[in-house]
Amino acid sequence: MTNIRGIKETILMTRKEKGLTQKDMAKKLNISQPAYSYYEKGDKPLPANQLKKVLEILDIEMEQLKELEDPLDTINRSLERIASALEKIEKKM
């Protein structure tokens with residue numbers, strides 16, 4: 001599952017680390033600053049072609065984003081392990 005929150009946070013933090021404003025990013029993407037703001041906040045989905053440009057501008061590798069794990073995936077795996085352990089205990093009874 002894609003971790004949208006993690007992607008947004010990575011883009012935001014990297015942009016700030018590089019000293020770029022939302023206005024700078026918008027200019028590089030040839031869009032308005034409010035439009036960029038919507039994308040960065042997640043109010044609107046970032047089109048794939050724009051995401052690619054953002055990653056290039058910020059020098060972020062796609063692999064970095066793929067490594068961001070959704071917290072719900074972690075919770076689901078933990079619940080599966082608990083359920084499995086409970087099944088084993090139940091079989092022993």
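The packing of helix H1 against two other helices and the lining of the largest pocket are described here. The model is predicted, with local features requiring pLDDT of at least 70 and side-chain atom pairs counting only at pLDDT 80 or more, whereas totals for chains, interfaces and linings use all residues. Residues are numbered from 1 along each chain as its sequence is written, and side-chain values use heavy atoms, with hydrogens and water left out.

H1 (4-17), H3 (33-41) and H4 (48-58) are helices taken as DSSP runs (H or I, at least four residues), numbered from the N terminus. The axes of H1 and H3 lie 8 Å apart at an angle of about 130° (lines fitted to C-alpha atoms over the stretch in contact; angles from 0 to 180 degrees between N-to-C directions). Lys8, Ile11, Leu12 and Arg15 of H1 meet Tyr36, Glu40 and Lys41 of H3 (heavy atoms within 4.5 Å).

The axes of H1 and H4 come within 10 Å and cross at roughly 35°. This contact involves Ile11, Thr14 and Arg15 of H1 together with Leu51, Val54 and Leu58 of H4.

The largest pocket holds about 250 Å³ of space (an open set of points on a 1 Å grid where a 1.4 Å probe fits, with protein on both sides within 12 Å along at least five of seven lines; lining residues have an atom within 4 Å of a point; the volume is that filled by probe spheres set on the points). Of its 14 lining residues, Ile4, Ile7, Lys8, Tyr39 and Leu46 lie nearest the centre. H1 gives the most to this lining, with four residues.
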